Every structure is written in structure tokens, then in C-alpha cells.
Amino acid sequence: MRAPRFLLAMGGLGLAAGALALVFVWQPGLASLYDDSVSYLVMGQVLSPWTHASAAVADAFPLERYPPLFPLLLGLTGGAFDLRIGHALIALCFAASVFLCALHARSIVGSAAMAGATALAFALLPGAWVNLKGILSEFPYLALSLAALVQHRRLGERGDGRGWALLSLLVTAAMLTRTVGIALVAGIGAAEGLRWIRSSDTPRARRAALALAAPVAALALWYILRPAGREDTYAAIGTAMLRNLREQGAPWLAQVVLDNVRSFGYSWLRTVVIFWSGAADPKAILASAIGALALAGIAWRALRAQPDALYAIAYLGILLLFPYPAHMYRLGLPIVPVLLAAGAWALREATLRGGGGTRGERFATLASFAPAVLCLPAMAFVAQRALEPSPAGQRHPRAAIAEFYRFSVGSLATAVTDREIAILDDLDRIGETTPPGARVAWSLPDYIAFLSGRIGVAMPQAADASTFAAELANRQVEYLYVNAFRVREEGPGASDPSAPARLAADYTDPVWTRKDVEGETVAALLRVDRGRLEAHLRQ
């Protein structure tokens with residue numbers, strides 16, 4: 001297929017994927033309590049040059065710890081205030097990612113048909129569609145990182161100054177979207193360093209060094225200038241890892257890596273097929289084979305010092321050391337197109353080296369469509385769930401919630417989703433039943449600020465009543481929101497989400513409670529009686 005026809009076809013595929021994604025994600029509210037959408041939206045409202053953030057949101061801003069580019073985009077476009085626009089931006093980035101996936105695959109595989117098959121597989125990837133529900137930085141980062149890989153390959157043997165400047169701009173934008181973009185710097189930097197060792201091309205090495213130094217400097221500048229708040233996520237993780245490594249040694253680190261390997265394998269299957277009946281399920285076997293081929297392609301290309309493979313190794317290496325294996329289904333998504341393209345390359349390369357000739361080329365082309373075909377049953381499942389009606393009067397439709405698509409058993413998906421919807425309703429109710437400026441404690445204070453319009457305060461982590469009361473007093477907490485279901489809880493609520501209500505029972509009164517169908521209290525907003533709290537502290 002000639003280049004113009006290929007570009008036109010892949011542009012059409014990207015537009016079609018983006019249009020369907022827009023229909024899928026177009027909604028006025030959040031899709032999950034289990035992601036970081038609110039963090040980006042809070043930052044976006046504060047960074048917006050057009051509209052002032054509320055006092056509650058401005059107060060929450062120092063708590064957020066993410067790079068600024070995606071929140072700034074939300075602020076500039078209005079997506080931080082009108083969530084339909086925010087969701088539309090994610091659909092647009094998905095469309096761009098599908099197109100750029102095709103360009104990247106074409107540049108390394110050399111076959112337009114196989115590149116198209118790779119892009120089609122990504123466009124049909126069930127895990128990508130479920131992750132589309134969140135207003136998150138994965139898809140903007142995905143588009144920027146793929147664009148950077150395509151641009152680096154286009155530099156050719158020398159590359160002019162403008163080409164290197166564009167690469168630097170793309171990598172900088174990627175790093176200011178997600179900090180894990182440092183893997184992009186590492187991958188391209190390693191490829192250029194190995195190239196310099198072979199060729200001693202000092203002018204090119206100098207240009208590469210300057211192009212890759214700019215993103216690192218830009219990210220460092222952001223961390224220096226951003227408002228001081230709670231400890232940086234990655235600094236906290238690094239400190240905790242060093243402490244655990246010092247105290248528990250190499251066996252602890254080996255267990256972290258092993259847990260992440262297991263989680264990554266499970267997340268890969270969840271991304272490709274969503275559900276399977278066991279290890280002998282043909283869907284699981286084929287998905288595992290595709291994953292193994294992709295990793296083989298990465299290893300093979302890394303031996304050739306190819307930047308996409310070295311980037312993938314750096315990215316996966318970071319994930320293997322990340323001490324939160326439950327998040328691999330989302331954190332691993334940005335590298336999936338690179339893995340799919342490497343798998344297609346390995347398939348074609350092995351066929352050509354095996355002397356298959358024209359027949360072998362046809363086989364490789366047909367086989368490259370296997371991932372896309374494998375995705376179809378799960379995509380039908382996603383479509384069926386998206387079309388399911390919600391109960392009459394439900395403020396947040398089930399189909400708008402990401403967790404509705406993560407469970408194949410309908411009763412379980414409904415129960416988890418309805419529980420989440422009830423919490424979102426509670427957050428709306430908090431704004432309706434507390435005075436402006438009220439200080440409300442919960443484990444997710446930025447959700448209180450964004451959804452309830454009240455000052456969010458982190459729930460104290462103390463497990464004994466005296467220390468808990470002292471921390472409430474120090475933080476000037478006026479209300480406690482307590483939910484019987486665990487939602488990323490810390491402190492006493494981690495094992496018993498109702499613990500804060502018990503610890504504060506002597507000096508709080510219910511503003512309202514919410515009961516389940518069996519009449520059990522599962523959530524409550526408690527008002528702190530300041531006088532009784534002070535009396536409790538004097539005891």
C-alpha cells in the first residue's frame with residue numbers, strides 16, 4: 001500500500017475509533033472512585049486561565065502531585081469544569097494514538113498491512129476501552145510517546161536541528177504528562193549512546209544529548225516550582241522502597257518483582273480478553289502466546305539497539321519495581337502498542353528468515369490480524385454493557401462507571417457499580433447538607449473538594465481514640481464522612497472503614513445516614529461537636 005493511501009486508511013481508522021470512543025465516554029460525571037481523574041481535574045481548574053476555581057478546589061491543589069501538562073490542557077479547553085469536554089479530550093487522544101500506532105508499526109515492521117492490523121488490534125483492545133472512561137493522562141501520554149518514537153525514527157542517519165528540536169519537544173511534553181516518560185529518555189538515550197559507540201558520530205550524539213536533557217530539565221523545574229503540599233508520590237515510593245530494601249533485603253525486592261510479573265501477566269489477559277474460564281481457555285492461551293511473541297520481539301529488537309525496544313524495557317523495568325501491583329492494568333497500557341508492534345515485527349522477521357517467501361509473507365500478514373480477532377468477543381461484551389439500561393431515577397448511570405465493565409458476572413458488576421454510585425450520590429449530598437466552607441474529612445479529600453464543593457481534609461490515620469481526636473482538632477475538622485466500604489482507605493479505615501465513626505462516637509452526631517436494603521447503616525455524615533471534642537481531649 002502506498003504511503004498516501006496508508007495514511008488515509010489509518011487516519012480513517014483513527015477517526016472511526018475516536019468517534020465511537022466519544023459516544024462511549026460522553027458523560028457529565030466521573031467514571032470511577034478508583035483512579036486519579038479528580039487529581040487532574042482539580043489541577044486543571046486551578047491552572048485554567050479562563051475560570052476561577054472554587055476555594056475548596058484551590059485548597060486541594062497543593063495535595064496533587066502530578067506533572068502539569070495534562071491538567072493545563074483540561075484547564076485551557078474547559079474540560080476541567082465541563083467533564084464532557086474532558087472525556088472528549090481522552091477520546092481525541094485515543095484516536096491520535098490509533099493513528100500513531102499505525103505509523104510506528106509501519107516504520108519498524110515495513111508492512112502496511114501488518115501495521116494496519118496492529119493499529120486495528122489496539123483500536124479494538126477491550127482494556128483500552130475500559131480505561132477510556134477515566135479522565136486520565138494515559139492516552140495523552142500514549143499519543144506523545146508514540147509520536148516521539150515515530151519522530152526519532154524519521155531523523156534517519158543524521159537529522160537536522162529542527163527534527164531534533166521536535167523530538168525534544170515531544171519527549172518534554174510526554175514527561176510533563178507522565179513522569180514515567182523518563183523511560184522514553186532512557187530508551188532513546190541508550191539507543192543513541194550505543195550508536196555513538198559504534199560510529200563515533202559526535203555531532204549527532206551532542207544533538208541527542210541536548211534534545212534529551214531538555215525534558216529532564218523541564219520536569220525538574222516543575223518539581224522545584226510547584227506548590228508545596230504532601231510528599232511527592234514517587235519520592236515517597238522511593239523512600240519506602242529503600243527503607244524496605246535496607247530492612248528486609250533482596251528477598252523483599254524479589255517478591256515485589258514477582259508480584260508485579262504475576263500482575264502484569266494477569267493485566268495483559270484482562271486487557272486483551274477481559275474474562276476467561278481458566279488456563280486451558282483457548283482465549284487465554286492465544287492471548288498469552290501473543291504476549292510472549294511481543295516480549296520476544298522486544299528482546300530481539302533490544303539486541304539490535306532499537307529505541308522502541310529499549311524504551312519498552314525501561315518502562316517495564318519501572319513497572320516491575322512499582323509496589324502497587326493492583327494498578328498494572330492501567331499503568332501498563334501505554335506500552336501495549338509498542339509491544340503489539342514488536343510482536344508483528346518478530347512475526348514477519350521470523351517468517352522472512354525462515355525462507356517462507358511470498359507464502360510466508362501472506363501467512364505473517366494473516367497471522368498479524370489474530371490479536372484484533374481475539375479482541376472481538378470482549379468488545380462485544382463491552383458494547384452490551386454500555387447499552388444496558390440503569391434503574392429509573394439513578395443519578396449516575398451504571399454504564400458510565402468503569403467498574404461495570406471489569407467484571408464478567410453481571411450480579412457482581414452491578415453490586416460493585418451500585419456501591420460506587422451510592423458513594424458518588426453521598427458526595428453530592430454532602431454539598432447539599434453542609435454550609436459553604438465546611439471542613440469535611442474523608443480518605444479522599446480532593447473528592448470532597450471537587451464533588452461536594454467543601455474543604456476536603458485527609459482522614460486522620462491514628463488508630464487510638466485520643467490521638468485521632470487530637471488530629472481532628474488540629475485539622476479543624478467539622479464533619480466526618482464514613483463509608484462501610486473500603487475506597488483506597490488509609491489509617492484506621494484500611495482494615496475497618498467504619499473505624500473513624502467508632503473512634504469519634506463521643507463527640508459526633510449524624511447529619512444523615514444511608515442504609516442498605518437490609519437496613520444496615522453503610523454510610524454517614526457526622527458533625528463534630530466542638531465542645532464535646534474539647535472535653536474529650538481534656539480527659
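## Strand β5 and its partners

In the predicted model, N483 has A523 of β5 as its bridge partner. Strands here are DSSP E runs of at least two residues, and helices are H or I runs of at least four, numbered from the N terminus. N483 lies in a strand pairing: β3 (residues 479-483) and β5 run antiparallel over five bridges. Two strands count as paired if DSSP finds at least two bridges between them.

Strand β4 (residues 508-515) also pairs with β5, antiparallel, through seven bridges. P510 is bridged to L526 of β5. T513 stands opposite A524 in β5. Five residues separate β4 and β5, and the two form a hairpin. G519, in the turn, has a positive phi of about 85 degrees.

How covered is β5 (residues 521-528)? Mostly: six of its eight residues are buried. Buried means under 20% relative accessible area, exposed over 50%, and partly exposed in between (1.4 Å probe, protein chains only).

Helix α18 (residues 357-367) buries G360, A364 and T365. Viewed down the axis of α18, its buried residues fall within an arc of 140 degrees, so they line one face of the helix. That arc is taken from the directions from the helix axis to the C-beta atoms.

The face of α18 turned away from the buried side carries exposed residues: T358, R359, R362, F363 and L366. The cover over the buried residues of α18 includes α6 (112-123) and α17 (336-353).

## How α17 packs on α18

Two packed helices are described by the angle between their axes and the distance between the axes. For α17 and α18 the angle is about 165 degrees, and the axes are 9 Å apart. Axes are lines fitted to C-alpha atoms, for helices over the stretch in contact; angles run from 0 to 180 degrees between N-to-C directions. α17 and α18 are therefore roughly antiparallel, a term for angles over 145 degrees.

Which residues of α17 and α18 make the contact? From α17 come L347, R348, T351 and L352. From α18 come G360, E361, F363, A364 and A367. Contact means heavy atoms within 4.5 Å.

## Basis of the values

Residues are numbered from 1 along each chain as its sequence is written, and side-chain values use heavy atoms, with hydrogens and water left out. Local features need pLDDT of at least 70, side-chain atom pairs count only at pLDDT 80 or more, and totals for chains, interfaces and linings use all residues.

Note on methods:
Parallel < 35°, antiparallel > 145°, perpendicular 65-115°, else oblique.
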